[in-house]
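Open the model in a viewer and show the whole chain as a cartoon. The stops below go from the overall picture to single residues.

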Amino acid sequence: MVLSEKERSILFASKRVQAQMNAADHVSNILWKTAENIVKAARKYRPYYQSKTMSNVAQYEKEARQIAANAEKTIEKYVEAYSQAGGRVLKMDTKELVGDYLKHEVFGKTYMQRNSEYLSDFAEDIVKLVKAGVSLRYDERKIINAVRSSYKDPYNRSLMTKAARASNKAMEVPHRGKGVYTASYENVIRNVQNTINLAWGRTEITYGEMTGAVGYRTYRNSSYPCDICDEIASVPHRISEGMLIPAHHRCVCGVKFIFDEKELKKQGVMDIW
């Protein structure tokens with residue numbers, strides 16, 4: 001069954017959103033298992049199970065980073081698989097196209113370099129939570145439960161904030177970003193979603209070029225306010241502009257290609273000089 005351009009557009013946009021959501025779910029599970037393993041690794045550095053101190057903290061921090069690093073390849077496999085899925089929706093062979101894209105630097109780094117950095121930060125966050133639990137004389141099970149409830153946003157109403165109040169000391173917050181992006185968990189998830197979204201965008205613009213499209217219009221698939229998406233959707237775009245959506249990691253906008261130059265000009269695109 002041959003789909004109309006509108007049907008293709010709706011299908012592709014919905015599948016793209018589903019791909020990044022599925023990948024985020026997988027990665028979230030990996031991150032929790034990683035956090036749990038880091039907590040359990042602390043037992044060998046405590047003199048007894050409810051001790052308030054730890055020995056050889058530097059070695060524990062090193063082990064925690066290695067545990068997090070072990071998750072890198074698994075996350076990368078999910079990212080590659082879900083990035084390639086856009087080609088199957090459009091019945092295109094995108095192995096080389098997407099493979100090359102995933103190796104390219106975007107704003108100075110590849111997604112794999114960012115993934116590695118964010119996982120190292122994640123290990124640091126979990127270690128801080130463990131140290132906070134130790135300072136409160138929590139046993140391993142109690143630390144695991146406390147970490148489970150706060151590892152996604154450890155610098156707000158977490159085990160760390162509780163320990164800081166108990167010791168009457170200010171909590172150190174890393175300078176990684178604002179709001180939830182201070183937390184490494186959100187940065188790992190955002191990197192995964194951004195990468196998959198952009199790979200699908202690369203696939204879709206290539207499809208447009210292959211099928212003779214001269215331009216496209218985007219449309220909103222959400223009522224959530226977004227000035228960036230509103231601006232992009234307000235005017236048509238030539239193929240030569242590249243693919244402007246997904247505009248961010250939570251973007252659910254769609255693209256409808258235009259194949260007639262007259263139609264493109266009718267919708268407001270100027271001549272190329």
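Start with contacts, meaning heavy atoms within 4.5 Å. Of the contacts in the protein chain with a separation of 6 or more, 74% are between residues 24 or more positions apart. This is a predicted model, in which local features need pLDDT of at least 70 and side-chain atom pairs count only at pLDDT 80 or more, while totals for chains, interfaces and linings use all residues. Residues are numbered from 1 along each chain as its sequence is written, and side-chain values use heavy atoms, with hydrogens and water left out.

Next, colour by secondary structure. The protein chain has 10 helices and three strands; helices (H or I, at least four residues) and strands (E, at least two) are DSSP runs, numbered from the N terminus. Read from the N terminus, the order is α-α-α-α-α-α-α-α-β-α-β-β-α. Along the principal axes, the C-alpha atoms fill a box of roughly 75 × 35 × 35 Å.

Now select Glu-204, in helix H8 (residues 184-210). Is Glu-204 buried or exposed? Glu-204 counts as buried because its relative accessibility is 2%; buried means under 20% relative accessible area, exposed over 50%, and partly exposed in between (1.4 Å probe, protein chains only). Show its partners too: beyond neighbours within four places in sequence, Glu-204 is in contact with Arg-8, Phe-12, Leu-90, Met-243, Val-255 and Phe-257. Across the protein chain, buried residues make up 47% of the 273 residues.

Move on to Lys-91, in the loop between helix H3 (72-89) and helix H4 (95-103). Lys-91 is not a glycine, yet has a positive phi of about 55°. With 78% relative accessibility, Lys-91 counts as exposed.

Asn-168 is the next selection, in the loop between helix H7 (159-167) and H8. Its phi is also positive, at about 60°, although Asn-168 is not a glycine. At 73% relative accessibility, Asn-168 counts as exposed.

Then pick Ile-245 and Pro-246, which are joined by a cis peptide bond with omega about 0°. Pro-246 sits in the loop between strand S2 (237-238) and strand S3 (254-258). Most residues other than glycine have a negative phi, and most peptide bonds are trans.

Finish at Lys-265, in helix H10 (residues 261-266). Lys-265 counts as partly exposed, because its relative accessibility is 39%.
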